[in-house]
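Work through the exercises below with the model open in a viewer. Each task is followed by a solution in steps.

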Amino acid sequence: MSDDRYRLMFDNVPLGYLSLDVDANIIDCNRAFATLLGYGEQELLGCTFASILHDRVEYHRAVSFPEFKRRGEARDIAFTLKHRNGELVHVVMHGKVRYDERGGFIQTHCMVIDVSDKVALERELVRLTTAERQRIGHDLHDGVGQELTGIAFVASALVQRLDRGDAELLSMAETLKASAARAKGLMADVLQGLSRVADVPEGLSVAMARLTDSVPALFGVACHYRELGRVRIEDNLIASNLYLIAHEAIHNALKHSGCAVIEVTLTASKGDLRLEVADDGLGLRSEWEGADGMGLKIMKHRASVLGASLQIHSGDNGVTVCCELPRQPGQEERE
Ligand SMILES: Nc1ncnc2c1ncn2[C@@H]1O[C@H](COP(=O)(O)OP(=O)(O)OP(=O)(O)O)[C@@H](O)[C@H]1O
Ligand SMILES: [Mg+2]
């Protein structure tokens, strides 16, 4: 096939193509990739990949690109890129490195798939589910909860009235009172499970303090929680998912690491949020990536739904799970 025909095909495939040099400068791209970001192909040549990244620039420079060059291959890597008009474009990339015969780096070949619609749909689904759980919680609390409070009140009054009366009726009234109290307890558990983070700006802080406070008594492991900056989160979708990420990270530390201390830190800075859960346990075993568990996969999915990054560092001093949520365009500084 002639060069022209190759170029024609390359420019017209509905998938983005991107090639980077050893310093992650763009040396080639096709029309689909340039159009995805609102540029002409020529305009992107010579730009650094970092300049079109919306977030995780330092991670790309210091970790993911060097790792890609070393491994020679990368699959399913999610990035958020910046469109010329300021909008965010969510993509997944698959890449291969081309080396010369002595193993020297020549260039990368990367396919870029636009997953913005999928990400938007997933976020909407999670938002709807979160809202639905909250609605059920409110209905239960305000409806069934009020009725149970009434029943418990009448049962207590009955017990008092029958105190010196008919022993059989007294026993029935006491059973009724205990049953109403149990039903209230069960309902509180259901409410707790439905929405663990109250839909108020300080909901996450309260839920995180409650979660970390419960660890020492239940598991005999020290668990410290601190907040840096002023954490106020208006969006319950973000608060609930950050809570569930922290919950899984803490439970993984308790289940797998043999740690003595867990440090949980939530930092708010100029609108960015950063959650860190660090244990001082054994660290990840080498085969953890092939493990059957769902926890880490769900954690990553939650982070991607929020547009956050999730990194897991493991070393001799234990595991640190770090979730970073950059400020979204148009959103005010959260500080
Ligand atoms: N803090 C940690 N310290 C040591 N190993 C860990 C830690 N967190 C996770 N792992 C390892 O990673 C594996 C995968 O974790 P993941 O949460 O996905 O699954 P799981 O906890 O085994 O099961 P599930 O979360 O589905 O109940 C674990 O089986 C464990 O080997
Ligand atoms: Mg787990």
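**Exercise 1. The shell around ligand 1**

Task: Find which helices each supply at least two residues of the shell around ligand 1, and which supplies the largest share.

Solution. The model is a predicted one. Step 1: display ligand 1 with the residues that surround it, 17 in number. The closest of these are N252, S257, G293, G295 and L296.

Step 1: Two helices, α9 (236–257) and α10 (295–306), each contribute at least two residues. The largest share is that of α9, with 5 residues.

Step 2: sort the shell by residue type. It holds 8 nonpolar, 6 polar and 3 charged residues.

**Exercise 2. Helix packing around α9**

Task: Determine how the axis of α9 is oriented relative to α8 and relative to α10.

Solution. Step 1: take α8 (residues 203–219) with α9. Their axes come within 10 Å and cross at roughly 15°. Angles under 35 degrees count as roughly parallel, so α8 is roughly parallel to α9. The crossing of this pair is right-handed.

Step 1: take α9 with α10. Here the axes also come within 10 Å, and the crossing angle is roughly 155°. Angles over 145 degrees count as roughly antiparallel, and α9 and α10 are therefore roughly antiparallel to each other. This crossing is left-handed.

**Exercise 3. The antiparallel sheet**

Task: Give the order of strands β1 to β5 in their sheet, and describe how β1 pairs with β2 and β3 with β4.

Solution. Step 1: read the order, which is β2-β1-β5-β4-β3. These 5 strands form an open sheet with antiparallel pairing. The edge strands are β2 (26–29) and β3 (73–82), each of which pairs on one side only. From one strand to the next, the twist averages 30°.

Step 1: examine the β2 side. β1 (residues 16–20) pairs with β2 in the antiparallel sense over 3 bridges. Within this pairing, S19 has D28 of β2 as its bridge partner.

Step 2: examine the β3 side. β3 and β4 (residues 88–99) run antiparallel and are joined by 8 bridges. K82 stands opposite L88 in β4. The hairpin of these two strands has 5 residues between them, and one of its residues, G86, takes a positive phi near 95°.

**Exercise 4. Domains**

Task: State how the protein chain is divided, and how far apart the centres of domain 1 and domain 2 are.

Solution. Domain 1 covers 3–114, domain 2 covers 120–194 and domain 3 covers 203–325.

Step 1: Taken over C-alpha atoms, the centres of domain 1 and domain 2 are separated by 56 Å.

Conventions. Residues numbered from 1 in each chain as written. Chains lettered and ligands numbered in written order. Predicted model: local features only at pLDDT ≥ 70, side-chain atom pairs only at ≥ 80, totals over all residues. Pairing = 2+ DSSP bridges. Helix = DSSP H or I, 4+ residues; strand = E, 2+ residues; numbered from the N terminus. Axes fitted to C-alpha atoms, helices over the stretch in contact; angles between N-to-C directions. Near = placed C-beta within 6 Å. Nonpolar A, V, L, I, M, F, W, Y, C, P; charged D, E, K, R; others polar. Domains from an automatic or database assignment. Parallel < 35°, antiparallel > 145°, perpendicular 65-115°, else oblique. Left-handed = near helix turned anticlockwise from the far one by under 90°.
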